[in-house]
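Hi,

Here is the structure I said I would pass on.

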Amino acid sequence: MKVFLKYLLIIILPFEFLKADVFINQAGYLSNLTKIFYTESSADSFYVIDVSTGNVAFRDGLFFSVSNDPATGLTLYGGEFSSLETNGSYFIRLSNGDSSFVFTISNNVFEDPYKKALKGYYFQRCGTALLQDNAGIYFHSTCHTGDGYYHSSTGQSGFRLTTGGWHDAGDYGKYVVNAGISVGTLLLAYENFPERFNKDNLNIPESENGIPDLLDEVRYEIEWLLEMQNSNGGIYFKITKEQFESFIMPQNDSGTRYIYTVSSTATGNFAAIMAKAARLYQPFDATFANQCLTAAALAWNFLTANPTIVPVGGFVNPGGTFTGEYGDTNDSDERLWAAAELFETTGLTEYNNYIIANYASVGTISGAMSWQNVKNLALITYLYSLQSTASQTLKNLIKNSLISYCNTLLNRASSNGFGVTINSGEYYWGCNSDALNKALLLINGYRQTNNLAYYETALMQLNYILGTNAHNFSFITGVGTNSVMHPHHRPSASDGIVNPVPGLLAGGPDQYLDDPVLQSHFTSSTPPALCYIDDVGSYASNEIAINWNAPLVYVLGFFNGEGLTDIDEQGFNSVPKNFNLEQNYPNPFNPDTKISWQSSVGSWQSLTVYDVLGNEVSKLVNEYRAAGVYETDFIAEGLSSGIYFYTLKANNSKEGSEKFFVQTKKMLFLK
Ligand SMILES: [Ca+2]
Ligand SMILES: [Ca+2]
Ligand SMILES: [Ca+2]
């Protein structure tokens, strides 16, 4: 039998890789979640074929998605095979013969992409050698040990030790503003879902030290940020050369790197990060946490002493400097974020009063965040505030704005052929991160409402990044069968290694053609989502950046956590090692079925049944349960036939914010 299987693989695989008109998530599909692909082919039906046997594991008809998709110009059809939950390797074949790349179904398909995306930050480390033990073939010697010298525009002169931190993007500069949203998003991931981001096995120098590697990696950036604080509390804007360096390895990049003037947008970002770090690092290193809080308070003092934007009108490059400007003429969102994190860490009235007095002029949630506008980081922190003096009125306003915006995103997704939440005029520079920042909001909308449509739409944004797109392409280096090979990333372009540094997200389509390479390949009449090219020269579509990887880590880590239920590891006659929600039995059913689950720790547990619109149909369990194995009956009397969902949640308290576990499964009631 084994010999036969080998021959089958040899015959099938090369053929399949040549034909790929079927757009799939190349990282694979989580066993227990929705599985959708798209295609341009108007075939009658599709088959999911098990690679190991050649057998058809699932078959169904295609559904119509959109004609003349405004983003791609394509007419698209989709296929859903969510009920195929058996782990394995598969490909899709359409009845007209078109087929997909091979993909995996398992409960850990997002683990490798998640770890790569987070470790992507390690490869951006500046001022240190990347060791072979950690970096593998991408190791290199120490870079940029001369950071840095005050630029004459600061009015200061001489050297200031500011080594460390991450290279910002495809270049080797270090910019506080972009560090702000990056660190803020990564710390938010850990704060929102500590059990999903607490792994200590990333193979970075600080792995296996008992501290989550996410916190270790982020601390590398924070240690650098602490060096960027002037004695008056203000934060220097950036360290770069006057011009972008050429495409050389970082250790070969010599020449003076300059520290640029103090800015209030940088200072607001810094105060927020340091205040957030102060509470998240407290359990691991109280001395460091206190140092962060002191630095945050000092930065806040600078902001209160300088109530209007510094420098006047916002930072601009002085004459002779041509590196990133991160132009931002409005620092009210950075100030609000600083106040929100300081309030959450200290509970002091001063910060709460500032938020109450200023949120209206900044606005509630109305879009995805960017380095230019970080108000969402302030608002989400306040929404989940544990401070008893936090305004419930403001919390409600934030929640309502989040829900309203999530509904807007559902509408956007429904008019896009691939379920993407980017409108056709908005495929601008870096829009891949925009899709993921919208997924971040949808995940939080789901947390607030249990509306499964938000959850499914968040997943679709991740599917889009991982290959369910018109390019049939994974936008993450080192992830997927057909992925970014030529990022605008100096180490990848100059290391002599074929495969790029893994785990880095390309910016994605740029319909405004902001670089000469895009202009030479596309025109203003090219459908917006097609304006992408895997070319090292296309900085506007194929650069990577620390702020783009941050929502990628958030969304990948969240969905990776949805699959963390390994039945195989459970022992007999003992406390279960994992939470797990089983498929109901029988299924389909009429009118009653059994739902069983297990919990690894005592917790407040709820088991709720929803209809396809996300309306609650029945609450089967809502109480504290000890660790153990449980079963309950669901009787669908009085309901109409169709698909229903059931969700198990386990929290640390009845209305607990710390979610130990949440999982949803689908069932079918047939009269
Ligand atoms: Ca660690
Ligand atoms: Ca701003
Ligand atoms: Ca290379």
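I'll start with helix H9: the cover over its buried residues includes helix H8 (332-346), helix H10 (375-383) and helix H11 (392-415). Before going further, note that this is a predicted model, where local features need pLDDT of at least 70 and side-chain atom pairs count only at pLDDT 80 or more, while totals for chains, interfaces and linings use all residues. Residues are numbered from 1 along each chain as its sequence is written, and chains are lettered from A and ligands numbered from 1 in the order in which they are written.

The buried residues of H9 are Tyr-351, Asn-352, Tyr-354, Ile-355 and Tyr-359 (buried means 20 or more other C-beta atoms within 10 Å of the residue's own, exposed 12 or fewer, partly exposed in between, with C-beta atoms placed from the backbone). Helices (H or I, at least four residues) and strands (E, at least two) are DSSP runs, numbered from the N terminus. H9 covers residues 349-362, and its end C-alpha atoms are 20 Å apart, in agreement with the 20 Å that its 14 residues should span (1.5 Å times one less than the number of residues). H9 also bends by about 35° at Ile-356 (the angle between axes fitted to the seven residues ending there and the seven starting there). Gly-363 follows H9, with a positive phi near 100°.

Next, H13 (residues 452-465). Of its 14 residues, 12 are buried, so the rest of the structure largely encloses this helix. Those buried residues pack against H11, helix H12 (431-449) and helix H17 (546-562). Just after H13, Gly-467 has a positive phi of about 135°.

On to the cores (sets of buried Ala, Val, Leu, Ile, Met, Phe, Trp, Tyr and Cys residues joined through C-beta atoms within 7 Å). The largest nonpolar core has 181 residues, and Val-176, Ala-271, Met-274, Ala-296, Ala-299 and Val-555 touch the most other members. Domain 1 (2-106) and domain 2 (111-562) both contribute residues, so this core lies between them; the bounds come from an automatic or database domain assignment. Another core, of 16 residues, lies apart from it and has Leu-581 and Tyr-646 among its members.

Finally, 5 strands make an open, mixed sheet in the order E2-E9-E8-E4-E5 (strands pair if DSSP finds at least two bridges between them). E2 (29-30) and E5 (56-61) are at the edges with a single partner strand each, so one side of each has no neighbour in the sheet. E4 (residues 45-50) and E5 run antiparallel, joined by 5 bridges, and Tyr-47 stands opposite Arg-59 in E5.

Cheers

Conventions:
Contact = placed C-beta atoms within 7 Å.
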